[in-house]
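Me: I have a new structure to go through. Can you walk me through it?

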Amino acid sequence: ALWPRTGFEQWTIVGPMLPGADPLTNLVAAVESALVADPQQRDFASRRERLRSGADDALALWLRQSGETGSSKPGRAFLLVIDQFEELFTLAEAEPRRHFDRQLAAALCDPECPLFLLSTVRADFLDRLDRLEHLMAPYNDRCRRFLLPPMGERGLRDVIRLPAAMAGVDVGEVEAAILEQAKGEPGALPLV
């Protein structure tokens, strides 16, 4: 499905990753894990330092070099999957968020960098995306947004019951209270 739209036949999935409190460190870990099969050969610390202290295009350069195949045809492309993008606002402090913002935006805006992004973000955090000064341009110019409808009561009930059942826990006594508190709340799934 991606080849006709992008021209890339070979794809490396990076992630899924969570931004966490240090999104640049988590990004480096996800990319390094995707690119270097042998865990003994991975060098997270030096790669993170290069991205943190280097030019804004350090991530783009890293991916461009990794995506080259040596032929005139497009080589390998990367699909970065970021789940819970709202963690940039709930867990990350301003400085780590700025480093992540600059590196990711530069890579996404670089026409020679074969990086594509798929992310999830809670609807109640969409108004905070303007805090990402550098990512705003690609977000506004290239982003395709797909909004999912709010989860109904049955879905919320499954979110409560199924993980509890896997853990061997009976949540029957608290299920009704949890459902009542989550009813009508934006972003109810994370609350549950």
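**A first look**

Reply: This is a predicted model. Of the 192 residues in the protein, 33% are buried.

Me: What does the secondary structure come to?

Reply: The protein has 10 helices and 3 strands. Starting at the N terminus, the order is α-β-α-α-α-β-α-α-β-α-α-α-α.

Me: And what box do the C-alpha atoms fill?

Reply: Along the principal axes, the box is roughly 60 × 35 × 35 Å. The accessible surface comes to about 11800 Å², and carbon and sulfur atoms account for 53% of that surface.

Me: How much of the contacts comes from residues 24 or more positions apart?

Reply: Such pairs make up 68% of the contacts with a separation of 6 or more.

Me: Switching to charges. How many positive and negative ones are there?

Reply: There are 22 positive and 29 negative charges, and their mean positions are 3 Å apart.

Me: How many salt bridges does a search of the whole structure find?

Reply: The search finds 9 salt bridges. One of them joins the side chains of D22 and R52, at 3.1 Å from N to O. D22 sits in the loop between β1 (10-17) and α2 (23-35), while R52 is in helix α3 (residues 44-53), so the pair links distant parts of the chain, 30 residues apart.

Me: Which residue does E32 form a salt bridge with?

Reply: E32 pairs with R47, and their closest N and O atoms are 3.8 Å apart. That still counts as a salt bridge because the cut-off is 4 Å. This pair also links distant parts of the chain, with E32 in helix α2 and R47 in helix α3, 15 residues apart. Both E32 and R47 are buried.

Me: What about R161, which residue is its partner?

Reply: R161 forms a salt bridge with E175, with the closest N and O atoms 2.9 Å apart. R161 lies in helix α8 (residues 153-166) and E175 in helix α9 (residues 172-182), 14 residues apart. R161 is partly exposed at 40% relative accessibility, whereas E175 is buried at 7%. Salt bridges with shared partners join E153, R157, R161 and E175 into one network.

Me: Which charged residues are buried yet have no salt bridge?

Reply: Among them are E87 and R97. E87 is in helix α5 (residues 87-90), and its nearest side chain of opposite charge, R122, is 9.1 Å away. R97 is in helix α6 (residues 94-109); there the nearest side chain of opposite charge is E93, 6.9 Å away.

Me: New topic. How many disulfides are there?

Reply: The search of the whole structure finds 0 disulfides. For C109, the nearest cysteine sulfur is that of C113, 10 Å away. For C143, the nearest cysteine sulfur is that of C109, 12 Å away.

Definitions and conventions:
Residues are numbered from 1 along each chain as its sequence is written. This is a predicted model: local features need pLDDT of at least 70, side-chain atom pairs count only at pLDDT 80 or more; totals for chains, interfaces and linings use all residues. Side-chain values use heavy atoms; hydrogens and water are left out. Helices (H or I, at least four residues) and strands (E, at least two) are DSSP runs, numbered from the N terminus. Buried means under 20% relative accessible area, exposed over 50%, partly exposed in between (1.4 Å probe, protein chains only). Lys and Arg count as positive and Asp and Glu as negative; His and the chain ends are not counted. A disulfide is a pair of cysteine sulfur atoms within 2.5 Å. Contact means heavy atoms within 4.5 Å. Accessible areas come from the Shrake-Rupley method with a 1.4 Å probe; for residues, only the protein chains shown count as cover. The place of a charge is taken as NZ of Lys, CZ of Arg, CG of Asp or CD of Glu.
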